[in-house]
Amino acid sequence: MDTMETLNGIFREVFDDPSIILKRETTADDIDEWDSLSHINLVIAVETKFNIRFALGELQTLKNVGEMVDLIEKKIRK
Amino acid sequence: MLFNSYEFLFFFLPITLVGYFFLNRQRLTVASNSWLLFASLFFYGWWNIVYLPLILGSILFNYTIGSLIADTDALKKQVVSKKGIFVFGIVVNVLFLGYFKYMDFFIGNVNALVRTNLPLLHIVLPLGISFFTITQIAFLVDAYEGLVEERKLLNYALFVTFFPHLLAGPILHHKEMMPQFDRTRNKVLNYKNLSLGFFLFFVGLFKKIILADQFSVWAKAGFDTATTLNLLEAWVASLAYTFQLYFDFSGYSDMAIGVGLMFNIRLPINFNSPYKAVNIIDFWKRWHITLSNFITTYLYTPIVRSFRRITFAKSMVAIFIAMFISGLWHGAGWTFIIWGSLHGAALVVNHNWKKLKIRMPTVLAWFITFNFVNMAFVFFRAKNWHDAMKVFRGMFGLSGVTLPRSYAKLPFLADLHVKFSKEWLEAVKGDAHVDTVLWTTLVSFAIILTAWNSNQLTSRFKPCWKSFAFIVIVAFWALFNMSKVSEFLYFQF
């Protein structure tokens with residue numbers, strides 16, 4: 001399964017909304033439930049699933065799916 | 001130096017701009033950046049040269065610590081661990097801020113608590129210390145987590161001191177700032193940016209001089225001078241402060257972003273019509289945005305992560321703690337702590353409400369949010385508990401209701417113990433006419449709720465005659481009223 005698909009699953013679970021379909025362009029503004037609080041829950045869910053860890057300074061750039069995918073893939077490769 | 005002063009506008013800003021782009025034209029990049037750094041330090045030192053070594057010391061200290069942490073290879077041979085140096089760096093920053101900002105508050109509380117009589121140190125808060133300390137704490141955290149790539153001392157010093165943001169933000173992140181000082185494209189005078197910069201600057205100057213400084217008089221009369229406030233006086237006083245703070249701080253931010261643009265440096269936006277917010281979560285996405293981002297990233301997240309299993313209840317605790325600390329960051333006083341805690345509690349209520357998935361009519365949601373924000377600001381403004389209670393007693397009608405004489409014809413009002421007098425706004429209006437107070441407040445409220453904000457104006461800006469005429473009017477209106485120099489509210493934080 002590619003990163004995007006896995007991520008889509010995590011989004012549906014965290015935001016409790018099975019209708020979410022992610023695109024690279026999706027941002028925090030497109031999903032109602034995606035606020036600063038659920039953002040952290042999302043980040044932690046992503047960290048657990050992919051077994052990676054984000055730095056605090058990276059969190060603000062993660063509010064956009066495309067950059068999130070890129071960063072996850074970069075961290076997995078390491 | 002203040003943005004709203006003649007020496008800034010007619011002396012400092014033009015000389016700095018001309019010097020900067022002249023040196024760039026000669027392809028002397030290092031010299032031009034050094035010039036900008038020198039200008040920024042001059043800008044800071046203008047206020048009080050005694051504090052110049054303080055900011056320089058802070059920069060050198062954090063730069064050294066940051067480089068030590070980032071240089072992991074060099075550290076392998078060291079006796080001290082990377083973590084040790086990092087913790088040391090953070091502790092020194094916290095103590096540094098703690099000494100200048102909280103020492104007297106601490107001593108005062110100790111005196112009150114154990115009835116001692118320790119003398120206060122009467123430490124003067126160095127300008128911008130809260131801001132340049134937290135941006136550098138973020139830098140250390142990022143260095144520790146391996147995010148710091150750009151490591152030139154000149155760019156680092158410029159990132160911390162760059163004069164548009166130095167004193168009161170927007171709170172910057174080194175990752176978005178430091179590369180901008182090296183980009184070749186930014187080195188050429190850009191007329192579009194220059195005109196947009198002046199446009200934003202004058203919009204901000206107008207907000208500050210015409211609106212904020214006017215409201216400040218009424219807020220001061222109500223909060224500081226009056227001994228008791230009737231119902232309407234109390235509402236005018238509290239609204240005057242709420243509007244003052246917005247126009248003051250968002251005006252300052254507009255000016256900062258505008259000045260940044262003149263140098264082709266983009267600073268992040270800080271406000272997005274906060275009083276249009278329909279809930280508290282929304283409010284914090286619109287008010288002092290760069291601080292909200294800082295708090296969520298560097299305060300809330302580490303707290304949440306420190307819990308082993310994250311539950312909803314635990315994240316609520318983390319939100320409350322983060323807002324409590326944010327209150328304390330704003331000022332060393334219990335009123336600020338109360339303000340922060342109120343917002344923390346409101347965010348918790350808001351998140352719980354969200355879980356219920358009940359929709360509230362938008363107007364009602366806005367009404368509750370705005371009133372909460374307005375009342376919480378009473379604590380933010382009041383010098384002490386006593387003054388805050390004075391305003392609240394008035395707002396809830398406990399200090400009586402006085403209306404203009406013309407209302408005396410309505411008999412049911414007299415039955416409600418309403419008084420009628422010509423002096424129904426006496427305690428807040430200062431030298432102004434009653435009508436001026438009312439109309440300025442109402443018109444400002446309408447502007448706040450309906451007009452385009454600076455970001456919307458910016459995105460629609462075109463360098464044309466219409467914009468030019470608009471700038472000229474706004475600028476002259478502001479400039480001719482710039483006789484008295486008043487500080488920005490956020491300089492005290």
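Among the contacts in chain A between residues at least 6 apart in sequence, 48% join residues at least 24 apart, where two residues are in contact if their C-beta atoms, placed from the backbone, lie within 7 Å. In chain B, residues 24 or more positions apart account for 71% of the contacts with a separation of 6 or more. This is a predicted model, in which local features need pLDDT of at least 70 and side-chain atom pairs count only at pLDDT 80 or more, while totals for chains, interfaces and linings use all residues. Residues are numbered from 1 along each chain as its sequence is written, and chains are lettered from A and ligands numbered from 1 in the order in which they are written.

**Chain A**

- The secondary structure of chain A comes to 3 helices and 0 strands, with helices (H or I, at least four residues) and strands (E, at least two) taken as DSSP runs and numbered from the N terminus.
- Read from the N terminus on, the elements of chain A follow the order α-α-α.
- The radius of gyration of chain A is 11 Å, close to the 12 Å that the globule rule gives for 78 residues, so chain A is as compact as a globular protein of that length; this radius is taken over C-alpha atoms, and the globule rule is 2.2 Å times the number of residues to the power 0.38.
- Taken along the principal axes, the C-alpha atoms of chain A fill a box of roughly 30 × 30 × 20 Å.
- Of the 78 residues in chain A, 21% are buried, where a residue is buried if 20 or more other C-beta atoms lie within 10 Å of its own, exposed if 12 or fewer, and partly exposed in between, with C-beta atoms placed from the backbone.
- A:D70 is found in helix α3 (residues 65-77) of chain A, and with 14 other C-beta atoms within 10 Å A:D70 is partly exposed.
- A:D70 and A:M4 are 66 residues apart in sequence, and their C-alpha atoms are 9.9 Å apart in space.

**Chain B as a whole**

- The secondary structure of chain B comes to 22 helices and 2 strands.
- For chain B the radius of gyration is 24 Å, close to the 23 Å that the globule rule gives for 493 residues, so chain B is as compact as a globular protein of that length.
- The C-alpha trace of chain B spans about 85 × 60 × 55 Å along its principal axes, and buried residues make up 41% of the 493 residues in chain B.

**Packing of α13 and α14 in chain B**

- Helix α13 (residues 289-306) of chain B and helix α14 (residues 312-330) of chain B pack at an angle of about 135°, with their axes 9 Å apart; the axes are lines fitted to C-alpha atoms, for helices over the stretch in contact, and angles run from 0 to 180 degrees between N-to-C directions.
- That angle makes α13(B) oblique to α14(B), given that angles under 35 degrees count as roughly parallel, over 145 as roughly antiparallel, 65 to 115 as roughly perpendicular and the rest as oblique.
- On the α13(B) side the contact is made by B:I295, B:L299, B:Y300, B:I303 and B:V304, and on the α14(B) side by B:S315, B:A318, B:I319, B:I321, B:A322, B:I325 and B:S326.
- By class, this contact of α13(B) with α14(B) has 10 nonpolar, 2 polar and no charged residues, where Ala, Val, Leu, Ile, Met, Phe, Trp, Tyr, Cys and Pro count as nonpolar, Asp, Glu, Lys and Arg as charged, and the others, Gly among them, as polar.

**Where chain B touches chain A**

- In chain B, 19 residues are in contact with 12 residues of chain A.
- The side of chain B that touches chain A draws at least two residues from each of α6 (129-144), α13 and α14 of chain B, and α13(B) gives the most, with 8 residues.
- By class, the side of chain B that touches chain A has 9 nonpolar, 7 polar and 3 charged residues.

**Individual residues of chain B**

- B:R115, in the loop between α5 (82-114) and α6 of chain B, has a positive phi of about 55° although it is not a glycine, and with 7 C-beta neighbours inside 10 Å B:R115 counts as exposed.
- B:N264, in the loop between α11 (231-262) and α12 (280-286) of chain B, has a positive phi of about 60° although it is not a glycine, and with 22 C-beta neighbours inside 10 Å B:N264 counts as buried.
- B:L154 is found in helix α7 (residues 153-161) of chain B and, with 16 C-beta neighbours inside 10 Å, counts as partly exposed.
- Not counting residues up to four places away in sequence, B:L154 touches B:V30, B:N33, B:S34 and B:L37; B:L154 and B:V30 are 124 residues apart in sequence and 8.3 Å apart in space, C-alpha to C-alpha.
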